[in-house]
Amino acid sequence: MQIVLFHLMPYADLDLEAGRKNGTVWVKLPNRHFDPQKGHKLYNRFLDELEYGEKLGFDVVAVNEHHQTAYGLMPSPIVTASALARRTSKVKIAILGSALPLRSHPMMVAEEHAMIDVISGGRLISGFVRGIGAEYHTFGVNPTFSHDRFHEAHDLIVRAWTEEGPFSFRGRHYEVKYVNLWPRPYQKPHPPIWIPSQGSKETIDWASHPDRRYTYLQTFSPAKVVARYLKMYRDTCQGHGYQAKDSQLGWAVPVYVSDTDSNAVKEAKAHFEAFRNVFVKMPLEMLLPPGYTSRESMKNVIKAKAQMFGDVTLEQALELGLFVCGSPATVLKVFKQHWDEMRFGNLLVLCQFATLPADLTRKNMELFAREVMPSLKALG
Amino acid sequence: MKFGDEFITGNGCRTRLRRGGKGRPLLYLHGASGAPVIQPFMEKLAERFDVLVPEHPGYGQSDEPEWLENIHDVAYFYLDLIKKLDLSEILLVGTSMGGWIAMEMAVRDCSRLSQLVLVGSAGIASPDAEVADTFLMAPEDAVRALYHDPKIAESLLAVPPTPEAIDMQLKNRHTTARLAWEPRFHDPHLPKWLHRIDVPVKIVWGEQDRIVPVSFTKEFSRLMPKAEIHIVKNCGHLPPVEKPDEFVAIVCR
């Protein structure tokens, strides 16, 4: 199993009361709540944490893209991935992912990812996402064209990485007279592509297609939901006539390890609950603008509204498998059980979440890396 | 007044059309929330006019054609449709997004039109006001924002929506986003060509409109100096629904 240290780089100094009062930390939380002095310290702390991940033996360090939110301070994951490319030497660097439909031109994504791949000597893992619903409100990009733009941007990027230039590309959303990438990516035929998702049949059909076989990551979902979608991915591969490799599956989950179960709960509780009930929270209209998902999925979300949009305690989250927390033995046991059922070849652990401070984050990373990770890597 | 209710096909799109009354044709173009039922103001207008109430492509019970990608597609669709129905001397009435469609039709071809009535119309940007962000509103708040008289909204909200009504709302919202998400409820190129509208234009606005503020009338006056402006007092975004008698009087005047 490949273990990925995943960071969101949240605004950990957030005035939680302001976030709660505003109803969400997305789109319209006034940016006077961001203090650049504190931001300076946080960025450098978080980059240090990811660099420390290499020393601790993680296989991959990962960053992602979010806009106009305290949830994550990486509007451009290119910036953080570039910094990591120069400060690390062995660890792989994953961008999970670039929000293709939100970028005005996919050629920029192709170029920037290729640069990082060349600078790092082929250590880049590329991830592509559509961006979450809230980001269609912040950018003004039409959500009803989100899927079209995603697929077209993807096709352009992969062709730019793999075909000899110059050639012309004519799509409905992007047209380029001369596609001729300098630099070409370091890896052949191109960096691996991972597709993070909150769970969608359409995404699974597309990612698992024999022409692509992209690694599918189920992010921040109850364990049952993770199991259902990973199984759906395997079944879909079967339908395509091939057996999915474990390396095509991944699970992203927040994790907290301490010396004992009760200490772990005590130390993580306030921070996890701030993550789930303040940083993640947003109203339905913000999460799902029209066209972002099918109307059928939207109706299912409306039905589950109370459950999805209500607060969740740490204890409920453990029950649901939304969070893994405890002594090293407990955390190992939980992951082994899930692995027996799901056989995910990639585990993405979020060791810092919401307001979790530097000392607890480091302790968490160290305990996980020393006491849990070796046994997980040995699983296969 | 009894309205016929049938489907006609234009440009491959099966389109629901209600039609009632006698007289000169009056084509009513609905706004973002559609036109699921015949309203009292439509019946009043049908005493004087041959009233046509379609559901736009992508709305209500009409099809969602593949070709529907922007507001211009809707304008061309209706220009084809009035030709197909051989209507002429049309009184074209549009509320909100319907007003936008009416202007997009008229800048292209006024030959079958006799007059435009634009009600709380979208379609152009204003330098000093913005259209409310209905896409971020919870459905109940969006209903409340439509009316000046809170009793109207509360009586509408007292009846829980049927599953069919929810399907329709999601469909209408989807098409509205497709046509009007970005640029938000306007076409930046439209103001350049408004001088091509060579039939009389009436502009009707609820003084307390909380969706498209009444100050938009200033920009409409600047761009269409000959247009008549009618401000309806104690009224929100939908004068035809909230003040039907006053609205019908303005149309007939």
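## Chain A as a whole

Of the 380 residues of chain A, 48% count as buried, where a residue is called buried if 20 or more other C-beta atoms, placed from the backbone, lie within 10 Å of its own, exposed if 12 or fewer do, and partly exposed in between. This is a predicted model, in which local features need a pLDDT of at least 70 and side-chain atom pairs count only at pLDDT 80 or more, while totals for chains, interfaces and linings use all residues. Residues are numbered from 1 along each chain as its sequence is written, and chains are lettered from A and ligands numbered from 1 in the order in which they are written.

Chain A has 15 helices and 11 strands, which are DSSP runs numbered from the N terminus, helices being H or I with at least four residues and strands being E with at least two. The radius of gyration of chain A, at 20 Å, is close to the 21 Å that the globule rule gives for 380 residues, so chain A is as compact as a globular protein of that length; the radius is taken over C-alpha atoms, and the rule is 2.2 Å times the number of residues to the power 0.38. The C-alpha trace of chain A spans about 60 × 45 × 45 Å along its principal axes. Among contacts in chain A between residues at least 6 apart in sequence, 74% join residues at least 24 apart, a contact being two residues whose C-beta atoms, placed from the backbone, lie within 7 Å.

## Strand β1 of chain A

Strand β1 (residues 2–6) of chain A is mostly covered, with 4 of its 5 residues buried. β1(A) pairs in the parallel sense with strand β11 (residues 346–350) of chain A over 5 bridges, and also in the parallel sense with strand β2 (residues 60–63) of chain A over 3 bridges; two strands pair if DSSP finds at least two bridges between them. A:L5 has A:V349 as its bridge partner in β11(A), and A:L5 stands opposite A:V61 in β2(A).

## The sheet of chain B

In chain B, an open sheet of 8 strands runs in the order β1-β2-β4-β3-β5-β6-β7-β8, with mixed pairing. β1 (4–10) and β8 (228–232) of chain B stand at the edges with a single partner strand each, so one side of each is left without a neighbour in the sheet.

Within chain B, strand β3 (residues 24–29) and strand β4 (residues 49–54) pair in the parallel sense over 4 bridges, and B:P25 has B:D50 as its bridge partner in β4(B).

## Around B:L45

B:L45 lies in helix α1 (residues 40–46) of chain B and is buried, with 27 other C-beta atoms within 10 Å. Leaving aside neighbours within four places in sequence, B:L45 is in contact with B:G21, B:L26, B:V51, B:V248 and B:V251. The C-alpha atoms of B:L45 and B:K22, which are 23 residues apart along the chain, are separated by 9.6 Å.

## Where the chains meet

Between the chains, 14 residues of chain A are in contact with 12 residues of chain B. On the side of chain A that touches chain B, α10 (284–287) and α11 (295–303) of chain A each supply at least two residues. The predictor gives the complex an ipTM of 0.94 and a pTM of 0.96.
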